[in-house]
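Okay, thanks everyone, let's get going.

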Amino acid sequence: IPIQLGNLKELELLGLDDNGLSGNIELFQHFTNIKSLYLEDNLFTGTLTDALMISWPNLQELDLSHNLLHGHLPDDLFNVFQDLRVMDLSKNAFEGTMPIPAWENTDLQFLSLAE
């Protein structure tokens with residue numbers, strides 16, 4: 001991923017799915033205006049950190065499925081993404097339990113955490 005991609009500060013939708021791309025997911029924290037982020041079917045690594053989530057305050061659709069992400073899902077995952085409608089984190093290596101606030105997000109229309 002070219003570092004210059006981070007210069008697109010006003011980007012609202014990014015689709016890089018099914019490209020075999022690699023790198024740490026934190027490469028995308030500079031997209032502070034992003035609403036829809038499609039990174040499925042790649043080789044991205046890392047964890048969903050608080051710093052990463054806070055950098056996407058307008059996020060509505062997130063597809064990180066079929067990557068190499070790992071770790072625990074943060075407890076405030078669904079508190080940070082209050083406008084979230086779609087989240088697909090399937091086919092990664094997340095562990096632990098689903099954060100309780102997930103069940104309180106009444107705007108969520110699609111959620112997948114399948115193996």
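Let's start in the middle. The largest nonpolar core has 26 residues, where a nonpolar core is a set of buried Ala, Val, Leu, Ile, Met, Phe, Trp, Tyr and Cys residues joined through side-chain atoms within 4.5 Å. Phe28, Trp56 and Phe81 have the most contacts inside that core. The helices take part too: α1 (50-54) and α2 (77-80) each supply at least two of the core's residues.

Quick housekeeping. This is a predicted model, with pLDDT of at least 70 needed for local features and 80 or more for side-chain atom pairs, while totals for chains, interfaces and linings use all residues. Numbering runs from 1 along each chain as its sequence is written, and side-chain values use heavy atoms, with hydrogens and water left out.

So, the overall layout. You've got 2 helices and 9 strands in the protein chain, in the order β-β-β-β-α-β-β-α-β-β-β along the sequence. Those are DSSP runs numbered from the N terminus, helices being H or I with at least four residues and strands E with at least two.

How big is it? The C-alpha trace spans about 35 × 25 × 20 Å along its principal axes. The radius of gyration is 13 Å, which agrees with the value near 13 Å for a compact globule of 115 residues; that's taken over C-alpha atoms, and the rule is 2.2 Å times the number of residues to the power 0.38.

Of the 115 residues, 39% count as buried. Buried means under 20% relative accessible area, exposed over 50%, and partly exposed in between, with a 1.4 Å probe and protein chains only. As for contacts, meaning heavy atoms within 4.5 Å, take the ones between residues at least 6 apart in sequence: 52% of them join residues at least 24 apart.

Ser36 is in strand β3 (residues 36-38), and it counts as buried because its relative accessibility is 9%. Leaving out neighbours within four places in sequence, Ser36 is in contact with Glu12, Leu13, Leu14, Leu59 and Glu61.

You'll find Asn58 in the loop between α1 and β5 (61-63). Not counting residues up to four places away in sequence, Asn58 touches Thr32, Asn33, Ile34 and Lys35. Its C-alpha is 12 Å from that of Gln29, 29 residues away along the chain.

That's my tour, thanks.
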